[in-house]
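Could you look over this fold with me before we discuss it? I have put my remarks in a numbered list.

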Amino acid sequence: MPTSEKICQLMSFITIKSLFLQTDNKPEFTLQIMKPSALFLDRDGVINVETNYVWRVEDFKFTEGIFKLCRKFQSAGYLIFVITNQAGISREYYSENDFFTLNKWMLNRFSEMGITITKVYYCPHHPEITGPCDCRKPEPGMIKQAENEFDINLPDSVLIGDNISDITAGKNAGVGTNILIQTNTIPEYLLI
Ligand SMILES: [Mg+2]
Ligand SMILES: [Zn+2]
């Protein structure tokens with residue numbers, strides 16, 4: 001057999017062998033693709049109509065299309081997280097308990113609409129009052145925390161915010177798709 005033919009045979013053997021090796025590695029591969037993707041939503045201006053430091057139930061109005069958007073992502077297998085800067089707590093415009101009360105009410109409304117919000121992350125800090133922190137957007141802290149707690153696949157995840165600091169936080173964390181929307185307006189193309 002000429003040398004070139006021998007080399008060809010050897011090459012195909014190596015190719016077949018590496019194919020089998022890939023098959024052997026399959027369980028690990030399957031695990032990797034099962035990491036959940038997430039939809040990260042800013043709160044004020046995305047979930048509810050922004051009216052400057054919303055903390056009362058009676059001031060909380062869901063934006064048009066938000067439930068439809070969440071259902072769409074939920075059906076596609078995304079976990080939904082809220083990531084929200086709540087400097088009003090540091091500023092003492094409202095207390096942490098006020099935030100919890102409104103948050104619980106909000107989660108119940110989502111639940112009634114068949115939507116599960118996996119977790120709400122909030123930053124109560126304000127740099128001028130409490131000093132710098134790593135959770136206040138544009139820092140990626142809240143997103144990284146979700147990644148650690150729920151083993152999120154960030155490159156396949158989506159973030160929606162109405163402020164450039166939301167987008168920067170997403171990019172800093174490694175979120176694959178970061179969508180800047182106009183405040184209080186869920187774009188039609190996200191609902192189709
Ligand atoms: Mg906002
Ligand atoms: Zn913070």
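Predicted model: local features only at pLDDT ≥ 70, side-chain atom pairs only at ≥ 80, totals over all residues.

1. Residues are numbered from 1 along each chain as its sequence is written, while chains are lettered from A and ligands numbered from 1 in the order in which they are written.

2. Start with the open sheet, where five strands with parallel pairing follow the order β3-β2-β1-β4-β5. At its edges are β3 (119-123) and β5 (177-180), each pairing on one side only. From one strand to the next, the twist averages 20°. Strands here are DSSP runs of E with at least two residues, helices are runs of H or I with at least four, and both are numbered from the N terminus; two strands pair if DSSP finds at least two bridges between them.

3. Now follow β2 (residues 79-85). Five bridges join β2 to β3, and four join β1 to β2. Phe81 of β2 has Phe40 opposite, and Phe81 also stands opposite Lys119 in β3. Further along, Thr84 has Tyr122 in β3 as its bridge partner. Six of the seven residues of β2 are buried, that is, with 20 or more other C-beta atoms within 10 Å of their own, where C-beta atoms are placed from the backbone.

4. One right-handed β-α-β unit consists of β1, helix α3 (residues 66-75) and β2; another consists of β2, α4 and β3. Right-handed means that, with the strands pointing away from the viewer, the path from the first strand over the helix to the second runs clockwise.

5. Helix α4 (residues 96-112) has 17 residues and reaches 24 Å from its first C-alpha to its last, close to the 24 Å expected at 1.5 Å a residue; the expected span is 1.5 Å times one less than the number of residues. After α4 comes Gly114, with a positive phi near 80°.

6. Arg56 and Tyr94 are 38 residues apart in sequence, yet 9.2 Å apart in space, C-alpha to C-alpha.

Conventions:
Axes fitted to C-alpha atoms, helices over the stretch in contact; angles between N-to-C directions. Buried ≥ 20, exposed ≤ 12 C-beta atoms within 10 Å, placed from the backbone.
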